[in-house]
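The following note is intended to accompany a first reading of the structure. Please keep the sequence and the 3D view open while working through the points.

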Amino acid sequence: MNPYEHKHLRFTYQASIVDFDFPNGWWYPSCPKCNKKLSGGEKNYTCMDHDAITSLPVPWFRLECIVTDGEDVTNFLIFGKTAENFFGSSAHHYVYDKKFIDPSVLPPAMAAKLNKSMIFQLRFGAFRSITNRCEVIITNIFDDTTNKSIHPLETPTPEPKSSATSKTSTPLSSMK
Ligand SMILES: [Zn+2]
C-alpha cells in the first residue's frame with residue numbers, strides 16, 4: 001500500500017500496546033494558541049508562528065505507542081486530543097494538577113493502558129527518513145470489546161515462517 005496514494009485513508013487495526021516510546025518525553029510545552037512545540041527554553045518560550053507567548057505553555061501529549069497484533073510489532077504516533085481521550089485527561093492536568101512534571105517518567109494511569117486489546121483507527125502522517133517510512137498516526141482508540149485474545153509478545157508461535165498456513169486458531173476452552 002502506497003501511503004502517498006492513501007493520504008486520506010482511514011484504516012483500523014486490532015492490537016495491544018506493549019510499551020510507549022518517548023525519547024523526547026511524553027509531553028512537550030506547546031503554544032497556547034496553536035499547540036506547536038515551543039522553542040527557546042523555559043525563560044524564553046517562543047512559537048514559530050506566534051513569537052513569544054504571553055501565558056504559560058500548554059503541556060501537550062506526543063508519544064509513540066509500540067503495538068503488536070501478536071505477529072508484527074510497529075509504532076503508532078499519538079498526540080493531542082486523541083491522547084487526551086485515550087488517557088482520560090489532558091497532559092495539562094497530568095503535569096500541573098497531578099504533578100507528573102518530568103516528561104521522561106510515565107504516569108501510572110498512562111502505563112495502565114498497556115497490554116490490552118484495542119481497536120486503533122489510523123491514518124498516515126509525514127514521511128520519516130530515519131525510519132524510511134511514513135509515520136502512522138492514531139486518530140482514535142477503542143477498547144476491543146470482542147475480547148479476541150492477542151498472543152503476548154513473549155511467546156512466539158512455534159511454526160516456522162515458511163509454513164504455508166501461519167495462522168493458528170486458538171481452541172475455545174471449556175465449552176460446557
Ligand atoms: Zn503558536
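1. The surroundings of Trp27. In this predicted model, Trp27 touches Pro59, Trp60, Phe61, Arg62, Ala91, Val95 and Pro103, leaving aside residues up to four places away in sequence.

2. The strand that carries Trp27. Within β2, Trp27 and Pro29 point one way, while Tyr28 and Ser30 point the other way. All of these residues are buried. In a regular strand, side chains alternate between the two faces of the sheet.

3. The partner strand. Strand β2 pairs with β5 in the antiparallel sense, over four bridges.

4. The nonpolar core. Which residues of the largest nonpolar core touch the most other members? They are Trp27, Phe61, Phe76 and Ile78, out of 26 residues in that core. At least two core residues come from each of β1 (11-21), β2 (27-30), β5 (58-68), β6 (73-79), α1 (80-87), α2 (91-97), β7 (117-128) and β8 (133-143). The element that gives the most is β5, with six residues. As background, nonpolar side chains in soluble globular proteins tend to be buried together.

5. A loop residue between the helices. Ser89 is found in the loop between α1 and α2. Ser89 counts as partly exposed because 14 other C-beta atoms lie within 10 Å, whereas 20 or more would be needed for a buried residue. Ser89 touches Glu84 and Tyr94, not counting residues up to four places away in sequence. Ser89 and Ala109 are 20 residues apart in sequence, and their C-alpha atoms are 10.0 Å apart in space.

6. Two residues with positive phi. Most residues other than glycine have a negative phi. Asn35, although not a glycine, has a positive phi of about 65°; Asn35 is found in the loop between β2 and β3 (46-47). Asn35 has 18 C-beta neighbours inside 10 Å and therefore counts as partly exposed. Asp51 is not a glycine either, and its phi is positive at about 55°. Asp51 is found in strand β4 (residues 51-52), and it counts as exposed because it has 10 C-beta neighbours inside 10 Å.

7. Confidence. The protein chain has a mean pLDDT of 85, and 79% of its residues reach 70 or more. Over residues 161-171, however, the pLDDT is below 50, and this stretch has four contacts in the model beyond near neighbours in sequence. Where pLDDT is low, the predicted coordinates should not be read in detail.

Notes. Residues are numbered from 1 along each chain as its sequence is written. This is a predicted model: local features need pLDDT of at least 70, side-chain atom pairs count only at pLDDT 80 or more; totals for chains, interfaces and linings use all residues. A nonpolar core is a set of buried Ala, Val, Leu, Ile, Met, Phe, Trp, Tyr and Cys residues joined through C-beta atoms within 7 Å. A residue is buried if 20 or more other C-beta atoms lie within 10 Å of its own, exposed if 12 or fewer, and partly exposed in between; C-beta atoms are placed from the backbone. Two residues are in contact if their C-beta atoms, placed from the backbone, lie within 7 Å. pLDDT is the predictor's confidence in each residue, from 0 to 100. Two strands pair if DSSP finds at least two bridges between them.
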